[in-house]
Amino acid sequence: MFSFRNSRAFLFLSLVVFALTSYINSQPVPIYNYHYCSVGLGSPEQANDDYLSNLAVLLDSLSSKASQNYSFYKAISNITGIYGLFLCRGDVSQYTCQTCVSYVSNYNKTRCPGKSAIAWYNECMLRYSDINFFGVSQTEPHVFMWNAQNNITAPEEPNFGALGLMNNLRDEVLATELLFKAGNVSVGNGNGFRYGLVQCTRDIKSTQCGNCLQILIEKVQECCQARTEFRIISPICSLRYGNYSLFLEASAPVLPPLPSPLLPSPLPSPLLPSPLPESDHSVDEPSPLCRGKKSSTFKMD
């Protein structure tokens, strides 16, 4: 039996515990964008205990797949008819993907008590519903976000470079397996660059991806064309534009599509984790500018 009388052993154990605690606390928290609970996504009624129990199993299954080198996965719980998927940004590492999906899965168990939800983070998105949304074209609800401190010379001045880059990326993404594409365009006689990325969920067809991105590009002209940094996110596609590199990590591996699995029987009434502090997910107050139908508008940090 270990004895704490051995001061060296005790000191070593203390250092190990301190190191592990410091490592856990130093892990990056995914950057929150926005979320919706049930609005336009599924049944409006509250979920009962059985539904929440099966939802916990579904979210655990998605989190498990993220740890197995999947950057996208969808699953169905046939017991109560819950559909869920996650999508990691196409350029993040396996570790970043796994961390994001695990974090969002645990947090959403208590954030949204209804039957449907969607949550967007910089590194991943997660969605579930009691209505089958796999392969369904849907651009609402959508969210506009921009950096309010970073305009072009005048608010009314159009940024045709942004539209040109977004249109090119939309055309190019249709030929990719990940439905993810990033690129840049030179500005100011080649002295600077603007960067963009587009992505679609991989449960839809490439034509649906192109149509969704086209709708978002048209919305750029409503809200963000005079901005040098902006993004628009929706349930099946998203786009982002900025004056700094938006893609820093190696691309996630391309994996063959798999059939949606049937999940095991529900576990006995799992204990749901306590919610994380809302301060970890703060965003600025909505801007009075640029509001679209069934949309929310936020300023980017």
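A disulfide is taken here as a pair of cysteine sulfur atoms within 2.5 Å. The model examined is predicted. By that criterion the structure holds 6 disulfides. With the bonded cysteines numbered in sequence order, the pairing reads 1-5, 2-3, 4-6, 7-8, 9-12, 10-11.

The protein has 5 helices and 11 strands. Of its 301 residues, 49% are buried. Contacts between residues 24 or more positions apart are 74% of those with a separation of 6 or more.

Cysteine 112, at 0%, is buried.

Cysteine 88 and cysteine 97 form another disulfide, and here the sulfur atoms are 2.0 Å apart. The value about the S-S bond is 75°, and this link is right-handed. Both cysteine 88 and cysteine 97 are buried.

A further disulfide is formed by cysteine 223 and cysteine 224, with 2.0 Å between the sulfur atoms. The link is left-handed, with -80° about the S-S bond. Cysteine 223 has a relative accessibility of 11%; the cut-off for buried is under 20%, so cysteine 223 counts as buried. Cysteine 224 is also buried, with a relative accessible area of 0%.

Helix H3 comprises residues 94–111. Its 18 residues should span 26 Å at 1.5 Å a residue. The end C-alpha atoms are 25 Å apart, which agrees with that expectation. The buried residues of H3 include Thr96, Cys97, Cys100 and Val101. Further along the helix, Tyr103, Val104, Ser105, Tyr107, Asn108, Lys109 and Arg111 are buried. Which elements cover these residues? The cover includes strand S1 (32–37) and helix H2 (49–66). It also includes strand S3 (82–88), strand S4 (117–121) and strand S5 (124–129).

Helix H4 spans residues 160–173. The buried residues of H4 are Ala162, Leu163, Leu165, Met166, Leu169, Arg170 and Val173. These cover an arc of only 165° around the axis, which puts them on the same side of H4. An α-helix has 3.6 residues a turn, so residues three or four places apart point the same way. The buried residues of H4 pack against strand S7 (180–187), strand S8 (192–200) and helix H5 (206–223). Strand S9 (230–233) and strand S10 (237–242) are also among their packing partners.

A search of the whole structure finds 9 aromatic pairs. Tyrosine 34 and tyrosine 36 form one of them, with 5.1 Å centre to centre and 80° between the planes. That pair is edge-to-face. Both tyrosine 34 and tyrosine 36 are buried. The rings of phenylalanine 193 and tyrosine 195 have centres 6.4 Å apart and planes at 40°, so this pair is tilted. Phenylalanine 193 counts as partly exposed, at 37% relative accessibility. Tyrosine 195 is buried, with a relative accessible area of 17%.

Ring pairs also link Tyr32, Tyr103 and Tyr121 into a cluster. Of these, Tyr103 is one of the buried residues of H3. The strands that cover the buried residues of H3 include S1 (32–37) and S4 (117–121). A charged side chain also meets a ring. Arginine 127 lies over the face of phenylalanine 133, at 4.1 Å from the ring centre.

Definitions and conventions: Residues are numbered from 1 along each chain as its sequence is written. This is a predicted model: local features need pLDDT of at least 70, side-chain atom pairs count only at pLDDT 80 or more; totals for chains, interfaces and linings use all residues. Side-chain values use heavy atoms; hydrogens and water are left out. Helices (H or I, at least four residues) and strands (E, at least two) are DSSP runs, numbered from the N terminus. The expected span of a helix is 1.5 Å times one less than its number of residues. Buried means under 20% relative accessible area, exposed over 50%, partly exposed in between (1.4 Å probe, protein chains only). Contact means heavy atoms within 4.5 Å. Rings of Phe, Tyr and Trp (its six-membered ring) pair if their centres lie within 6.5 Å; planes under 30 degrees apart count as stacked, over 60 as edge-to-face and the rest as tilted. A charge sits over a ring if NZ of Lys or CZ of Arg is within 6 Å of the ring centre and within 35 degrees of the ring normal. The arc is that of the directions from the helix axis to the C-beta atoms.
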